[in-house]
Amino acid sequence: MTTATIVRACLRDGRGGSPTAVLDDGPFDDAERRAVPPRAGTSHAVYLGEGPHLRFFTATGELPACGHGTVAALAVLAARAPHGRVALTLRAGPRAFHGRAERNGDEYEAWFDPGPVTLRAPRPAEAAPILAALGLTAAGLADRPCVGGVGRERLLVPVPGRAALAALAPDLAALREACDDAGMLGCYVYSAPDARGRAAARMFAPSIGVPEDIANANSTACLAARLAGDGIDAVSVDMGDALGEPATIRASVRGGAVEVGGAARPA
């Protein structure tokens, strides 16, 4: 198997980010692909095929999409390009989408189209067990939860502020069972954005072998689509603080289309 490049995706002020393994794809079986994240010490691995075609794996299996993995892949592709920038069509599964990245010092600013975002109200049987596993009740939320989908659905849970977010200590076994029963990827708990559009979030996804994600761009894309209904067209979301890896993901909505991205640094 080819050597992986470790990319810190979605940096915050040059620090932290989500370590992601990026490597050229080859004649590997899925067991070999699943073995890379634990061996590399990352939550995810991204495989670059011809096209470029992206495949995303955790230790438990393949994902149809991975936002911070896409940011990491774009950074590697830009680093390989003659002028340190790319603007191209990517493929993941059957979907084709636009991505771009450009060098900025020793970092790369990467943005991509996450695809259509679906939003719906959760059914009580979906939300209640997830909230219970988080140690939350509907009365303690800042607003009603929402189900957001990009590739797969996840529950978006608004809490009153950053202190409430930091205090979360979910029962991960119960959360995995609740998310599995609902057919969801996980849950994205967030604080309301301030006047500058700055918010914070934590993403729990034990169903795919990631108890807590350092950075989750696709869930941030879902949040951006949700907030667009309130007249907020751009958001910056801080993540990873509970894990000691500060990360920031940015997303904007223009004409109903979402674009999401962040800064990344290949090792």
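Colleague: What percentage of the 267 residues in the protein chain is buried?
Modeller: This is a predicted model, so the count rests on computed coordinates. Buried here means under 20% relative accessible area. Of the 267 residues in the protein chain, the buried ones make up 54%.

Colleague: How many helices and strands are there in the protein chain?
Modeller: The C-alpha trace spans about 55 × 40 × 35 Å along its principal axes. Within the protein chain there are six helices and 17 strands.

Colleague: What is the radius of gyration of the protein chain, and what does the globule rule give?
Modeller: For 267 residues the globule rule gives 18 Å. The protein chain comes close to that, so it is as compact as a globular protein of that length. Its radius of gyration is 17 Å.

Colleague: What share of the contacts with a separation of 6 or more comes from residues 24 or more positions apart?
Modeller: Contact means heavy atoms within 4.5 Å. Take the contacts in the protein chain with a separation of 6 or more. Residues 24 or more positions apart account for 59%.

Colleague: Which residues touch the most other members of the largest nonpolar core?
Modeller: In soluble globular proteins, nonpolar side chains tend to be buried together. Here the largest nonpolar core has 57 residues. Helix H2 (residues 67-80) gives the largest share of this core, eight residues. The members that touch the most others are Leu48, Tyr188 and Val237.

Colleague: How many residues are in the second, separate core?
Modeller: This core includes Leu141, Val159, Cys187 and Val189. It is separate, and its count is 22 residues.

Colleague: Which residues does Leu48 touch, not counting those up to four places away in sequence?
Modeller: Leu48 belongs to the largest nonpolar core. Its partners include Val22, Leu23, Asp24 and Asp25.

Colleague: How many aromatic pairs does a search of the whole structure find, and what is the angle between the planes of Tyr47 and Phe57?
Modeller: The search finds four aromatic pairs. One is Tyr47 with Phe57, 5.7 Å centre to centre. Planes over 60 degrees apart count as edge-to-face. This pair is edge-to-face, at 90°.

Colleague: Why does the pair of Tyr47 and Phe57 tie together parts that are 10 residues apart in sequence?
Modeller: Both residues are buried. The pair ties those parts together because Tyr47 lies in strand E3 (residues 44-49) and Phe57 in strand E4 (residues 53-58).

Colleague: Which residue has its charged end over the ring of Tyr47?
Modeller: Tyr47 forms one aromatic cluster with Phe28 and Phe57. A charged end sits over the Tyr47 ring, 5.8 Å from its centre. That charged end belongs to Arg33.

Notes
Residues are numbered from 1 along each chain as its sequence is written. This is a predicted model: local features need pLDDT of at least 70, side-chain atom pairs count only at pLDDT 80 or more; totals for chains, interfaces and linings use all residues. Side-chain values use heavy atoms; hydrogens and water are left out. Rings of Phe, Tyr and Trp (its six-membered ring) pair if their centres lie within 6.5 Å; planes under 30 degrees apart count as stacked, over 60 as edge-to-face and the rest as tilted. Helices (H or I, at least four residues) and strands (E, at least two) are DSSP runs, numbered from the N terminus. Buried means under 20% relative accessible area, exposed over 50%, partly exposed in between (1.4 Å probe, protein chains only). A charge sits over a ring if NZ of Lys or CZ of Arg is within 6 Å of the ring centre and within 35 degrees of the ring normal. The radius of gyration is taken over C-alpha atoms; the globule rule is 2.2 Å times the number of residues to the power 0.38. A nonpolar core is a set of buried Ala, Val, Leu, Ile, Met, Phe, Trp, Tyr and Cys residues joined through side-chain atoms within 4.5 Å.
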